[in-house]
2 protein chains.
Amino acid sequence: MAKQKKQPRPKAEAPKGFRDYFGSEVTERQEMLATIAEVYRSHGFDPLETSAVETVEALGKFLPDVDRPNAGVFAWQEEDDGKWLALRYDMTAPLARVAAQFRNDLPSPYRRYTMGPVWRNEKPGPGRFRQFYQCDADTVGSGTVAADAEICGMLSTALEAVGIPRGDYLVRVNNRKVLNGVMEVAGVLDPSDPTRFEEERGTVLRAIDKFDKFGEEGVRLLMGPGRLDESGDFTKGAGLTPEQCDIVMGFMSAKRATGTATAARLRELVGGSLIGAEGVNELEQIAELLDIQGFGSDRIEIDPSVVRGLGYYTGPVFEAELTFEILDEKGRKRQFGSVSGGGRYDDLVKRFTGQEVPATGVSIGVDRLLAALRAKGRIGASHQGPVVITVMDRDRMGEYQLMAAELRAAGIRAEVYLGNPKNFGNQLKYADKRESPVAVIQGSDEADRGVLQLKDLVLGAKLAQEASLEEWKSQPAQVEVSRADLVAETRKMLARYEVK
Amino acid sequence: MAKQKKQPRPKAEAPKGFRDYFGSEVTERQEMLATIAEVYRSHGFDPLETSAVETVEALGKFLPDVDRPNAGVFAWQEEDDGKWLALRYDMTAPLARVAAQFRNDLPSPYRRYTMGPVWRNEKPGPGRFRQFYQCDADTVGSGTVAADAEICGMLSTALEAVGIPRGDYLVRVNNRKVLNGVMEVAGVLDPSDPTRFEEERGTVLRAIDKFDKFGEEGVRLLMGPGRLDESGDFTKGAGLTPEQCDIVMGFMSAKRATGTATAARLRELVGGSLIGAEGVNELEQIAELLDIQGFGSDRIEIDPSVVRGLGYYTGPVFEAELTFEILDEKGRKRQFGSVSGGGRYDDLVKRFTGQEVPATGVSIGVDRLLAALRAKGRIGASHQGPVVITVMDRDRMGEYQLMAAELRAAGIRAEVYLGNPKNFGNQLKYADKRESPVAVIQGSDEADRGVLQLKDLVLGAKLAQEASLEEWKSQPAQVEVSRADLVAETRKMLARYEVK
């Protein structure tokens with residue numbers, strides 16, 4: 001007997017919250033990333049690819065709703081120097097590190113785009129994964145709101161480029177400074193001591209960001225005495241009085257029919273707050289710049305209810321929302337919601353260098369966007385498999401390979417069946433599973449006569465469902481052609497279905 | 001004063017062994033991946049993307065030269081269930097997991113390609129990083145050597161597709177079964193008890209794989225009594241006698257002028273070993289299949305010195321080597337070496353299911369391949385920046401943005417300068433750093449007259465070096481054009497340099 005001790009078999013499972021992507025799921029994402037990248041590139045943004053791994057200290061702690069140290073990220077300790085490393089949770093923190101590390105070499109302003117997976121160590125749920133793709137564009141080193149406006153316009157352009165028609169999305173813009181102005185009016189921001197009430201403001205921010213989830217009443221509880229959820233868990237509130245809550249809620253519902261009217265209403269709400277007035281001015285400038293370029297309120301609008309959960313935003317914040325309804329997993333209609341967010345984060349690079357480096361940017365959640373387009377049936381319709389060359393005669397494998405090579409040289413995707421060729425039915429079943437449009441068949445008798453059979457599998461499948469026995473017997477889906485005409489005849493057959 | 005305690009600033013550094021990729025480094029890699037993917041796809045391979053994270057048990061321990069548990073990988077423990085997760089160290093282990101997990105849904109044979117980063121927790125060195133890209137193709141569920149031959153031919157095609165001309169590379173093929181036959185002859189393999197001498201064979205395998213590094217003498221020491229390196233570290237040997245070593249070394253140098261002659265020589269060496277004879281047969285079949293398709297020994301050859309370090313190979317193994325010399329960091333000429341490797345691994349899926357699932361595949365080390373092409377000056381020559389619209393008048397930002405939008409709509413990459421516009425020289429320096437071909441200049445006087453200035457920055461830079469003062473003063477690199485002709489005139493200027 002073998003001397004090895006039997007080890008239990010490993011489980012063939014992706015870790016919880018991770019998944020695999022097959023075939024067109026991969027290529028559709030690639031295409032979307034390439035389309036967005038081209039929009040970014042056309043705006044002068046240059047590619048950057050950082051590695052998936054950063055030091056924990058460089059990443060910082062900016063994820064919302066995360067209380068434990070290192071929570072929210074996948075982290076581990078280096079064996080030699082004890083440093084903590086982690087997988088990036090977004091693309092902004094690594095950019096801030098790069099902007100600081102290469103500040104003497106990069107052009108300023110530095111416009112960059114990047115795409116790739118990010119990781120969140122969160123509880124996975126249905127449709128919620130711990131690895132997902134982001135495609136970001138940021139401008140580092142520009143303090144003007146023209147940079148924010150550019151990002152908003154580019155986001156709108158990118159969404160339309162990937163196939164979201166105008167009217168099916170909305171880029172909503174707000175400004176943290178306006179919110180700070182409102183906080184000042186409500187008495188939870190003291191301009192002479194910005195660190196006072198910091199915790200309360202953080203709680204208010206997170207409360208507002210949950211408006212969609214908990215509604216006005218829930219938000220008021222979170223801003224005030226705290227909220228008890230269905231499971232009996234209690235979330236501590238910010239301790240605001242009902243009057244203070246009124247002021248904040250007034251801000252949330254300040255949206256009017258036009259951008260100008262909304263700005264006017266906001267100006268009333270921020271009253272004498274300098275920071276608040278500055279925020280309103282910025283919103284007006286952004287609206288004006290976008291207006292000149294023809295981005296009307298059917299594409300981009302000022303909306304005071306946009307907050308964004310991340311802690312590092314300092315000025316304009318934006319969010320792209322899909323406005324159409326989809327059916328959720330339980331068949332209920334719901335708004336698809338946010339697919340992109342961003343804003344200005346003037347202090348992130350400063351963390352490293354101590355010097356002011358203003359920055360603004362946006363992140364498109366590509367996996368969510370793909371899910372939306374699939375839910376609407378806009379992508380994922382047809383998938384084309386390769387031509388399959390069947391194996392009638394094992395000894396003539398070289399000749400079959402040659403046929404495949406000829407087809408490929410003519411730009412036709414082709415493969416030889418490499419399973420056990422004994423059962424010919426299995427070969428056709430295989431071709432079917434591969435969504436193959438055409439099968440090539442050549443036995444030794446056909447080889448002797450210098451011919452082969454081409455089987456139109458699309459027509460064949462149709463006939464199998466519809467044809468009478470007579471029709472079926474005449475085998476209209478199969479033609480005998482000269483071996484020399486393999487490429488030309490296959491091409492003719494593929495042309496029936498306008499195959500790419 | 002602020003109540004917060006001052007935290008030390010984080011270091012703006014990528015973790016040791018990780019790096020950032022900028023601009024054309026990113027796009028060149030993207031292009032190479034797309035080119036290789038297209039070759040794989042044309043052969044009927046379908047894309048698969050698994051996540052970066054796997055359970056440690058699913059990954060298994062197959063990295064060479066790794067003695068500690070979990071060494072070689074970046075791993076961490078899940079908080080809730082205590083499971084160990086890790087970043088994938090290659091693409092083969094995740095594929096084996098997928099093939100087992102989805103065995104009832106995938107076509108069989110399953111041809112798949114995949115591309116992306118892998119991570120190795122190794123000591124970083126010059127040019128050696130802990131994250132790098134691989135682009136793999138594998139066929140799962142086919143035991144025929146036609147699958148191995150297909151992979152070898154496809155590898156050759158892919159290398160030529162990315163710009164390695166015939167003659168500058170060689171795909172070398174060997175077979176682990178032949179090596180096992182030689183081991184049997186040498187007395188370190190007992191067919192009736194395959195687990196006997198397992199450790200010795202592992203040591204011999206690793207020794208052979210280091211032939212390039214240590215030469216014959218070093219390999220003989222590692223197979224025999226052990227080897228003391230320059231630093232005084234001792235590596236334990238396999239304990240073979242000089243006679244046994246002779247047999248193995250004979251195998252290493254069995255290569256002859258033609259594949260047929262090499263196979264004949266190998267057949268002598270494996271003597272009566274059944275497994276060895278099977279290996280030689282397989283090599284002959286692979287050579288024959290490739291020969292029919294025109295892959296001569298100038299592209300693919302049988303070479304008994306190829307071993308591959310990974311422990312999981314069971315049959316044919318292959319390696320692609322670049323045969324040209326490059327200068328290393330110290331200016332010394334050296335062979336570039338291996339850029340791709342693979343082989344048959346019939347037992348990897350069985351780890352999960354207990355059922356035999358033969359498989360074979362190849363991995364192209366895309367980052368090494370890019371380094372080789374850069375070292376040869378074949379890529380990375382020219383990089384084209386965007387047209388830069390300078391800002392003469394802050395109040396007319398919207399109009400500048402409109403110019404950029406017009407250029408983009410015409411397919412011309414363009415951006416507005418978003419730094420502080422006060423110093424115009426800085427704007428031109430910025431355009432220079434961006435490798436911008438054309439700058440657009442419009443002050444308020446020009447705006448009033450309905451014109452703008454186009455500055456040819458390529459010609460400008462040339463003149464700055466060569467022109468006389470008179471020539472310079474006439475400003476031939478700058479033209480005044482009508483605002484309405486912005487796109488047409490810019491296009492004309494770009495056409496001078498055949499800008500993409």
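Biologist: How many residue pairs are in polar contact between chain B and chain A?
Modeller: 49, counting pairs with both residues at pLDDT 80 or more. A polar contact is a pair of N or O atoms within 3.5 Å; within protein, one must be able to donate a hydrogen and the other to accept it, and residues adjacent in sequence count only if both atoms are side-chain atoms. Keep in mind this is a predicted model: local features need pLDDT of at least 70, side-chain atom pairs count only at pLDDT 80 or more, and totals for chains, interfaces and linings use all residues. Side-chain values use heavy atoms, leaving out hydrogens and water, residues are numbered from 1 along each chain as its sequence is written, and chains are lettered from A and ligands numbered from 1 in the order written.

Biologist: And how many salt bridges between chain B and chain A?
Modeller: The count is 16, taking a side-chain nitrogen of Lys or Arg within 4 Å of a carboxyl oxygen of Asp or Glu. One of them links Glu415(A) to Arg111(B), with the closest N and O atoms 3.0 Å apart.

Biologist: What area do the two chains bury between them?
Modeller: About 8,400 Å², 53% of it on carbon and sulfur atoms; that's accessible area (1.4 Å probe) lost on putting the two parts together, summed over both. In chain B, Glu49(B), Arg413(B) and Leu418(B) lose the most, together 9% of what that side buries.

Biologist: Switching topic: what is the bridge partner of Tyr21(A) in strand 2 of chain B?
Modeller: Glu49(B). Strand 1 (residues 21-22) of chain A and strand 2 (residues 46-49) of chain B run antiparallel, joined by two bridges. Strands are DSSP runs (E, at least two residues), numbered from the N terminus, and two of them pair if DSSP finds at least two bridges between them.

Conventions
Helices (H or I, at least four residues) and strands (E, at least two) are DSSP runs, numbered from the N terminus.
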